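Subject: Structure handover

Hello,

I am passing this structure on to you. Please open it next to this email.

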Amino acid sequence: MATNYEYEEAPASYDDVNRQEAGYDPNFVPDSVKSFVVHLYRHIREKNVYEIHQMYEISFQTLSDRLFKDTPWPSVDAVAHYVENDQVFCLLYREMWFRHLYARLSPTLKQRIDSWDNYCSLFQVVLHRVVNMQLPNQWLWDMVDEFVYQFQSFCQYRAKMKNKTEQEIALLRQYDQAWNVYGVLNYLQAFVEKSNIIQILEQEKEGLEQFTATDGYDYSGGSNVLKVLGYFSMVGLLRVHCLLGDYQTGLKCLLPIDISQQGVYTSVIGSHITTIYHYGFANLMLRRYVEAIREFNKMLLYIYKTKQYHQKSPQYEQILKKNEQMYALLAICLSLCPQVKLVEETVNSQLREKYGEKMARMQRYDDEAFAIYDELFSYACPKFITPSAPSFEEPLINYNQDAYRLQLKLFLYEVKQQQLLSGVRTFLKVYSTISLGKLANYMEVDEPTLRTILLTYKHKTHAVDSNGKIISNADVDFYIDDDMIHVVESKPVKRYGDYFLRQIVKLEGVINDMDRIKLD
């Protein structure tokens, strides 16, 4: 059991509350914060991962809600002497300080730049010195996740040039390397390379390593920090490349992680969802619809079964948001590639409830359908970024929406190309064999045009996977022999397990309702 520290249970003292109400003083450290910092420092030195996790996940949030709801935590200089001015601890504390600032307040440009400098200092220590620590996977994931989030936030902030003050423009000119895209990518790549995580995962397949079995922790007295940061950095690279619109490279960065299996990425719910969301979105944009459907389905089913266990988690709202976004992306995938047989009944039922009517309208490929594709894509896509610095000489304009508009334009162009294919699919589902002439007559086109349409159908229902192999997304395929079209339709596999699971859940609900009824 976790130790019940007094700052977790006791209310803030009268003096603490008075000082908070009088205004934020960065040098004032409440007793509960002193206790928190001292205990956390001690547990980090003792490598007590369980206690560190409890303090990081529960105590830090409790204190933030109680004392720092709309103010920053005390400055690092104010707490440093309580932890023997330990450089690494002070860097970790500042990382949490800035994360709290981003979550609760609106950071200034100088604070954004200071956060970048702190990440650079922290990452340099991890990369170039021996860091003899064990930190919880949740904290290490949050570091990578927040690093990418703050990069994305800075790019969006910098792209809104229209209302920038002269002082802000001067700072942007002066600190032009802060949150530079190459710097962000270099740090993430450096973690991957320096940790040797790719080789470790390869050796694990041969039974020479126990990285996944131990959730990345080192039980022989070593440190897990560099290895796990290297592991999560592969997910971070996927996310950054998705924000840049480079889906091929993003998926290539994730290749060493086998997402068909449980792994360290599934040990943290935020990491699990981020990985599958960006993996699925990248596959959607590369027309690998079957792969996207398969992974969205698995993730949505997992969230459906486990979300009640995360209700008290700080990430709960983010889990629900990503859940809704993935349903929207699944609706898009199934409208472009009707492979409903890949979707579990539970997920399909939820999907029909949320988007059933819209999906029916999306099949019509008229202006209303394109508007729905536009709406769902805009709601569910990542917040794309333009990583380049603005031109300070030209009239200052906002360009924060440029990357999003470009990705939306490319996506809708792909949707429009699918317009003719829905007609072909309808006829192919009706016939097992049909002559070219007869189908051309039905579709009111000549035979050469029909051959072009059929070739387009073949092209659009096939994609190239990450190994360079051609894969099919088609629910209905065909081949042509002597002007006759022979249809090959895949047969759905019947699933009974999901049906029984749903009935068991319903029965448990009925039993619970009966238990609540008081009999006279």
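Below is what I found in it, from the whole chain down to single residues.

**Overall**

Please keep in mind that this is a predicted model. The protein chain has 520 residues, and 52% of them count as buried. It holds 23 helices and five strands. Along the principal axes, the C-alpha atoms fill a box of roughly 85 × 80 × 55 Å. Take the contacts between residues at least 6 apart in sequence: 73% of them join residues at least 24 apart.

**Helix 13 and helix 14**

Start with helix 13 (residues 247-254) and helix 14 (residues 269-285). Their axes lie 9 Å apart, and the packing angle is about 140 degrees. Angles over 145 degrees would count as roughly antiparallel, and 65 to 115 as roughly perpendicular. The two helices are therefore oblique to each other. Their crossing is left-handed. Helix 13 brings Tyr247, Leu251 and Leu254 to the contact. Helix 14 meets them with Thr275, Tyr279, Phe281, Ala282, Asn283 and Met285. By class, that makes seven nonpolar, two polar and no charged residues.

**Helix 18 and helix 19**

Next come helix 18 (residues 367-380) and helix 19 (residues 402-417). They pack at about 140 degrees, with axes 10 Å apart. This pair, too, is therefore oblique. Here the crossing is right-handed. On the helix 18 side are Phe370, Tyr373, Asp374, Phe377 and Ser378. On the helix 19 side are Tyr404, Gln407, Leu408, Phe411, Leu412, Val415 and Lys416. The contact has eight nonpolar, two polar and two charged residues.

**Tyr119**

Tyr119 sits in helix 7 (residues 109-128). Is Tyr119 buried or exposed? Its relative accessible area is 2%, so Tyr119 is buried; the cut-off for that is under 20%. Leaving out residues up to four places away in sequence, Tyr119 touches Glu95, Met143, Glu146, Phe147, Gln150 and Trp179. Ile257 is 138 residues from Tyr119 in sequence, and the two C-alpha atoms are 25 Å apart.

**Gln315**

Gln315 lies in a loop, between helix 15 (289-306) and helix 16 (316-336). Which residues is Gln315 in contact with, leaving aside neighbours within four places in sequence? They are Glu57, Gln138 and Asp142. Look at Gly270 as well. Gln315 and Gly270 are 45 residues apart in sequence, yet their C-alpha atoms are 7.1 Å apart in space.

**Asp477**

Last, go to strand 4 (residues 476-481), where you will find Asp477. With a relative accessible area of 19%, Asp477 is buried. Its side chain makes a polar contact of 2.8 Å with the side chain of Lys458. Not counting residues up to four places away in sequence, Asp477 touches Lys458, His462, Ser472, His486, Val487 and Val488.

**Where to look**

If time is limited, view the two helix pairs side by side. The crossing of helix 13 and helix 14 is left-handed, while that of helix 18 and helix 19 is right-handed. Then turn to Asp477 and its polar contact with Lys458.

Best wishes

Conventions:
Residues are numbered from 1 along each chain as its sequence is written. This is a predicted model: local features need pLDDT of at least 70, side-chain atom pairs count only at pLDDT 80 or more; totals for chains, interfaces and linings use all residues. Side-chain values use heavy atoms; hydrogens and water are left out. Helices (H or I, at least four residues) and strands (E, at least two) are DSSP runs, numbered from the N terminus. Contact means heavy atoms within 4.5 Å. Axes are lines fitted to C-alpha atoms, for helices over the stretch in contact, and angles run from 0 to 180 degrees between N-to-C directions. Angles under 35 degrees count as roughly parallel, over 145 as roughly antiparallel, 65 to 115 as roughly perpendicular and the rest as oblique. A crossing is left-handed if the near helix is turned anticlockwise from the far one by less than a right angle, and right-handed if clockwise. Ala, Val, Leu, Ile, Met, Phe, Trp, Tyr, Cys and Pro count as nonpolar, Asp, Glu, Lys and Arg as charged, and the others, Gly among them, as polar. Buried means under 20% relative accessible area, exposed over 50%, partly exposed in between (1.4 Å probe, protein chains only). A polar contact is a pair of N or O atoms within 3.5 Å; within protein, one must be able to donate a hydrogen and the other to accept it, and residues adjacent in sequence count only if both atoms are side-chain atoms.
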